[in-house]
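Open the model in your viewer and keep the selection tool at hand. The stops below are meant to be taken in order.

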Amino acid sequence: MPRPFRFGVTLLTLGSGPAWRAKCRHAEELGYDVLLVPDHLGWPAPFPALVSAAAATTHPRVGTFVLNAAFHNPSLLAREVATTDALTDGRLELGLGTGYVKREHDDAGLPFGTAGERVTHLERTIEELDRLLGDPEHLPRAAQRPRPPLMIGGNGPRMLRLAARHAEIAAFTGARQAPGKPEGTLALLPADELAASVATYRKYAADRPEPAELNLIIQRVEVTDDRRAAARDITAQGVGITEDQALQVPTLLLGTPAHMADQLREHRDRYGFSYLTVLDAAMDAFAPVIAHLKGT
């Protein structure tokens with residue numbers, strides 16, 4: 001049986017305290033299962049934002065999507081995770097990644113290093129979190145034992161191995177650094193390359209006792225009766241794929257809500273993606289799709 005769908009929304013802007021809480025309650029009313037906060041300079045600090053989100057809502061889980069491991073000392077991060085999990089009554093999901101924007105590391109006065117060095121640091125961070133949060137004597141104590149569910153996001157072979165070994169949720173961005181573009185500019189992966197990445201993950205995860213949940217972030221949601229025109233408009237913006245590829249790639253949802261729901265069922269069958277995340281700008285547009293799929 002396929003894993004039931006879950007839906008997350010990544011909240012990028014803070015505003016005032018009342019505005020933030022109202023946004024979180026609105027997401028809950030629309031049917032989102034997880035309220036997520038990223039980890040970039042200039043955007044909300046994840047942990048206090050998540051504590052506030054949980055206090056303003058009743059049912060959704062809350063999560064980091066994803067923490068830049070290089071910003072965090074593992075011992076101090078364990079304290080933040082345990083405190084946040086306790087204050088949210090065990091609703092926290094911990095997303096971790098390597099970080100990919102050098103400028104942010106420079107601004108924070110932190111080393112960026114090579115891609116390999118960043119993955120090595122992430123691996124050490126995960127091992128330390130498992131050790132510290134799994135210790136029954138560790139204080140503060142997380143509400144979930146031995147630790148909150150872990151999401152690891154990335155596409156490279158080492159990241160996929162890490163996710164296969166450690167993560168309850170494996171997250172796929174479906175994108176990579178755009179060649180020749182400013183740092184942090186992403187190009188979408190064509191459907192066949194994304195499928196290859198998932199296949200590589202599955203190979204590494206073949207010996208897992210329990211399969212992980214597979215997450216995909218949907219980069220654009222366009223409600224339209226003319227999918228071809230929407231694909232043409234998006235690809236004209238230089239997203240790294242052709243018009244025909246845009247009609248197939250899972251990171252773009254184009255069509256009516258009913259058609260989008262059909263696409264997501266097909267993507268779950270082909271790739272295994274059952275946990276779908278959208279950006280907050282698409283929160284309302286995507287809500288009718290949730291209504292089609294909730295509980296399936």
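The model is predicted.

**Stop 1: helix α1**

Select residues 17-30, which form helix α1. The 14 residues should span 20 Å at 1.5 Å a residue, and the end C-alpha atoms are 20 Å apart, which agrees. Now colour Trp20, Lys23, Cys24, Ala27 and Glu28, which are buried. These residues cover an arc of only 140° around the axis, which puts them on the same side of α1. An α-helix has 3.6 residues a turn, so residues three or four places apart point the same way. Turn to the other side of α1 to find Pro18 and Glu29, which are exposed.

What do the buried residues of α1 pack against? Show β1 (6-10), β2 (34-37), α2 (46-56) and α11 (283-293), and the partners are in view.

Next look at the ends. Just after α1 comes Gly31, with a positive phi of about 105°.

**Stop 2: helix α2**

Move to α2 and select Pro46, Phe47, Ala49, Leu50, Ala53, Ala54 and Ala56, which are buried. They pack against α1, β2, β3 (61-64), β4 (67-68), α3 and β5.

**Stop 3: Arg91**

Select Arg91, in the loop between α3 (74-87) and β5 (92-97). Is Arg91 buried or exposed? Its relative accessible area is 13%, so Arg91 counts as buried, the cut-off being under 20%. Display the side chain of Thr57: the side chain of Arg91 makes a polar contact with it at 2.8 Å. Leaving aside neighbours within four places in sequence, the contacts of Arg91 include Ala54, His59, Asp85 and Gln144. For a distance across the fold, pick Gly63: Arg91 and Gly63 are 28 residues apart in sequence, and their C-alpha atoms are 8.2 Å apart in space.

**Stop 4: the cavity**

A search of the whole structure finds one cavity of 30 Å³ or more. The volume of the largest cavity is about 30 Å³. To see its lining, select Leu36, Gly63, Thr64, Phe65, Glu93, Leu94, Gly95, Met151 and Tyr275. The elements giving two or more residues to this lining are β3 and β5. β5 gives the most, with three residues.

**Stop 5: helix α7**

Select residues 191-204, helix α7. Its 14 residues reach 20 Å from first C-alpha to last, close to the 20 Å expected at 1.5 Å a residue. Colour the buried residues Ala191, Leu194, Ser197, Val198 and Tyr201. Look down the axis of α7: the buried residues fall within an arc of 125°, so they line one face of the helix. The face turned away from the buried side carries the exposed residues Asp192 and Lys203. To see what covers the buried residues, show elements including α6 (157-166), β7 (169-172), β10 (213-218), α10 (257-271) and β13 (273-279).

**Stop 6: the second largest pocket**

Keep Ala191 selected, as Ala191 is one of the residues that line the second largest pocket.

Key:
Residues numbered from 1 in each chain as written. Predicted model: local features only at pLDDT ≥ 70, side-chain atom pairs only at ≥ 80, totals over all residues. Heavy atoms only, no water. Helix = DSSP H or I, 4+ residues; strand = E, 2+ residues; numbered from the N terminus. Expected span 1.5 Å × (residues − 1). Buried < 20%, exposed > 50% of the residue type's maximum accessible area, 1.4 Å probe, protein only. Arc of directions from axis to C-beta. Contact = heavy atoms within 4.5 Å. 1 Å grid on protein atoms, 1.4 Å probe; cavity = no way out; pocket = protein on both sides within 12 Å on 5 of 7 lines; lining within 4 Å. Polar contact = N/O pair within 3.5 Å; in protein donor to acceptor, adjacent residues only side chain to side chain. Points joined across faces, edges and corners; volume = space filled by probe spheres on them.
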